Amino acid sequence: MGTLGTAAMARMDERLPWFRALSAEDRSWVGLVAQAGIAAFVEWFQHAGEGRRPTPSIEFFGTAPRELKRSISLQQTVDIVRVVVEVVEAQVDDLAAPGGGGLLEQAMLRYTRDVAFAAAQVYAREAEVRGAWDARLEALIVDALVRGEVDDGLHSWAAALGWTSSPVVVLAGCTPPGKPESIIDGLRDKGRRSGLDLLAGVQGDRLIVIVGGAESAAAAARQMAPRFGTGPIVIGPEVPDLHTAARSARAALAGLRAAGGWPDAPRPVNADELLAERAIDGDTDARDQLIENVYIPLAGTPLLDTLATYLEQGTSLEATARLLFVHPNTVRYRLKKITELTGYQPTEGRSAFTLQVGLILGRLTETPVT
């Protein structure tokens with residue numbers, strides 16, 4: 001057995017480049033596993049002719065430490081088994097009793113078959129453990145982003161999952177029927193086929209998906225949409241990395257809560273398209289954003305009075321011009337400037353509503369509390 005183990009190690013060193021690249025400690029462990037496998041075969045073969053066919057022992061895989069199983073892949077394990085079998089086969093004539101070469105070869109075939117199944121079982125078990133741990137980390141990351149608790153722990157969890165994708169966008173929608181595990185597995189499969197990296201979490205009736213590496217957030221959301229339940233899907237703003245994804249998650253969830261205020265919203269819809277509904281629903285981020293985008297650029301200029309009058313007069317150009325004592329073309333010019341400064345067009349229904357809410361919020365901030 002010692003001779004065979006030494007020969008197997010020499011053959012691996014000669015045939016397997018990845019084996020030569022291992023550390024001395026790992027090479028030593030591989031040698032011990034190979035020798036334990038040969039010893040187990042000898043023990044098994046001694047009882048193979050006793051009128052029963054004992055199951056080959058696979059306990060020798062327990063010789064390897066957990067770290068070795070992580071550094072050597074299943075394919076590399078198969079390479080090791082193949083080399084050991086070749087070494088033993090090359091010495092069948094010397095090992096077998098006279099006329100017993102065929103019996104020994106048949107025994108080796110059966111034994112190595114069971115060893116191959118045993119190796120697959122070991123790696124499958126490790127994969128299950130790893131999968132359960134990864135699922136737990138994924139849930140922790142999603143939960144931390146939802147609660148806005150971004151710290152070093154989040155980076156450690158993301159690094160453990162190998163997450164390096166950017167940019168990042170968070171999607172929020174309703175949970176479809178089914179088990180959470182099946183829902184998340186379906187999302188992962190869709191993400192792989194779409195070339196996207198994603199993390200997902202089911203939180204009651206909410207499904208939250210963190211998408212990384214998407215060239216277009218809207219396109220990614222449309223690809224993921226069939227995996228959500230019925231109801232709105234809200235796209236948070238795109239952020240550069242996972243560290244800042246809490247902002248995207250906060251906006252997406254606020255939009256999901258307020259989406260009922262716009263029944264005809266597209267599916268999916270950007271969180272920024274729901275700023276007015278979010279602000280009315282009490283979202284402070286949306287309130288601040290509307291004040292900054294709508295009220296502040298117009299404050300202290302004739303544009304603010306023009307906008308207020310135009311909206312109060314039911315978007316009537318002529319009525320606005322009469323009340324302001326200006327020509328209608330002047331009103332048109334000012335409305336165009338408002339669009340340039342705010343990004344919202346007063347003559348369009350949704351934009352007019354958003355401008356109205358932004359105008360009210362801005363006035364409230366300037367009203368002294370008595």
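Leu242 is in contact with Ile141, Leu145, Leu154, Ala158, Trp163, Val168 and Ile210, with residues up to four places away in sequence left out of the count. The model in which these contacts occur is predicted.

**Nonpolar cores**

Leu242 belongs, together with Leu145 and Ile210, to the residues with the most contacts inside the largest nonpolar core, which comprises 28 residues. Two or more residues of this core come from each of α7 (101-147), α8 (152-160), β1 (168-174), β3 (206-212) and α11 (245-258). Of these elements, α11 makes the greatest contribution, supplying seven residues. A further core lies apart from this one and contains 27 residues, including Leu16, Val83, Val88 and Leu104.

**The pair α14 and α17**

Helix α14 spans residues 302-312 and helix α17 spans residues 349-366; their axes come within 11 Å and cross at roughly 125 degrees. Angles from 65 to 115 degrees count as roughly perpendicular and those over 145 as roughly antiparallel; α14 and α17 are therefore oblique to each other. The handedness of the crossing of α14 and α17 is left-handed.

On the α14 side, the contact is formed by Leu304, Leu307, Ala308, Leu311 and Glu312, and on the α17 side by Ala352, Leu355, Gln356, Leu359 and Arg363. Sorted by class, the residues in the contact of α14 with α17 are seven nonpolar, one polar and two charged.

Thr354 is located in helix α17. Is Thr354 buried or exposed? The relative accessible area of Thr354 is 6%, under the 20% limit, so this residue is buried. Thr354 touches Ala276, Leu290 and Tyr344, again not counting residues up to four places away in sequence.

Lys336 is placed in helix α16, which covers residues 328-342. The relative accessible area of Lys336 is 54%, over the 50% limit, so this residue is exposed. Between the C-alpha atoms of Lys336 and Pro346 the separation is 8.5 Å, and these two residues are 10 residues apart along the chain.

The values for the two residues are set out below.

Definitions and conventions
Residues numbered from 1 in each chain as written. Predicted model: local features only at pLDDT ≥ 70, side-chain atom pairs only at ≥ 80, totals over all residues. Heavy atoms only, no water. Core = buried A, V, L, I, M, F, W, Y, C linked by side-chain atoms within 4.5 Å. Buried < 20%, exposed > 50% of the residue type's maximum accessible area, 1.4 Å probe, protein only. Helix = DSSP H or I, 4+ residues; strand = E, 2+ residues; numbered from the N terminus. Contact = heavy atoms within 4.5 Å. Axes fitted to C-alpha atoms, helices over the stretch in contact; angles between N-to-C directions. Parallel < 35°, antiparallel > 145°, perpendicular 65-115°, else oblique. Left-handed = near helix turned anticlockwise from the far one by under 90°. Nonpolar A, V, L, I, M, F, W, Y, C, P; charged D, E, K, R; others polar.
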